[in-house]
Amino acid sequence: RSPSESIWLNMEPGQGESESSNKDTKNILKRLYRNVIIGAVKDLGCGDQHESTAVRNWLYTESYSFCCDLSGWDESWISDLFRSINSLPSAVSKKITRQCVEMMKGLAGLDVKSVSKHGELAIDSHSGRAPSGISPS
């Protein structure tokens with residue numbers, strides 16, 4: 001059993017938990033891990049040497065696979081995107097990366113208002129409220 005399977009199994013409703021709150025928690029986690037991936041794409045294509053190297057190293061770790069799994073996005077699609085960004089000539093890398101980041105935010109249900117200036121998930125774009133335990137920046 002993969003670590004992410006264990007997390008999803010542990011999130012099944014228990015005593016006193018509603019199916020609705022469990023679904024909300026899963027959706028928040030999906031969006032959180034999608035935001036992590038989006039941040040890594042931005043760091044790879046727009047970051048400095050240290051940030052892009054850290055992302056390239058991360059792509060070969062178990063935590064990368066875990067993040068892809070919990071995001072609900074296909075790992076091979078995400079890996080292809082990282083490879084494509086990594087192979088871009090530096091003259092166009094930042095512009096194309098920014099376009100990819102915006103596209104991914106749209107796919108993830110994130111928009112400018114739902115991501116703080118530091119990249120943290122701040123507002124639930126469906127309800128317009130901060131998820132419990134998270135305050136908007």
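What you're looking at is a predicted model, where local features need pLDDT of at least 70, side-chain atom pairs count only at pLDDT 80 or more, and totals for chains, interfaces and linings use all residues. Residues are numbered from 1 along each chain as its sequence is written, and side-chain values use heavy atoms, with hydrogens and water left out.

Start with the big picture. The protein has six helices and zero strands, so the elements read α-α-α-α-α-α from the N terminus on (helices are DSSP runs of H or I with at least four residues, strands are E runs of at least two, and numbering starts at the N terminus). Of its 137 residues, 33% count as buried, meaning under 20% relative accessible area with a 1.4 Å probe, protein chains only. Take the contacts (heavy atoms within 4.5 Å) between residues at least 6 apart in sequence: 56% of them join residues at least 24 apart.

Now for helix packing. Two packed helices are described by the angle between their axes and the distance between the axes. The axes are lines fitted to C-alpha atoms over the stretch in contact, and angles run from 0 to 180 degrees between N-to-C directions.

Helix 2 (residues 19–46) packs on helix 4 (residues 62–71) at about 135°, with the axes 7 Å apart. That makes helix 2 oblique to helix 4; angles under 35 degrees count as roughly parallel, over 145 as roughly antiparallel, 65 to 115 as roughly perpendicular and the rest as oblique. The contact is made by L29, K30, Y33, R34, V36 and I37 of helix 2 and F66, C67, C68, L70 and S71 of helix 4. Those residues divide into eight nonpolar, one polar and two charged (Ala, Val, Leu, Ile, Met, Phe, Trp, Tyr, Cys and Pro are nonpolar, Asp, Glu, Lys and Arg charged, and the others, Gly among them, polar).

Helix 2 also meets helix 6 (residues 90–108), where the axes come within 9 Å and cross at roughly 175°. The two are therefore roughly antiparallel to each other. Here the contact residues divide into eight nonpolar, three polar and six charged.

Finally, zoom in on S52 in helix 3 (residues 49–58). S52 counts as buried because its relative accessibility is 7%. Leaving out residues up to four places away in sequence, S52 touches D43 and L44.

Key. Buried < 20%, exposed > 50% of the residue type's maximum accessible area, 1.4 Å probe, protein only.
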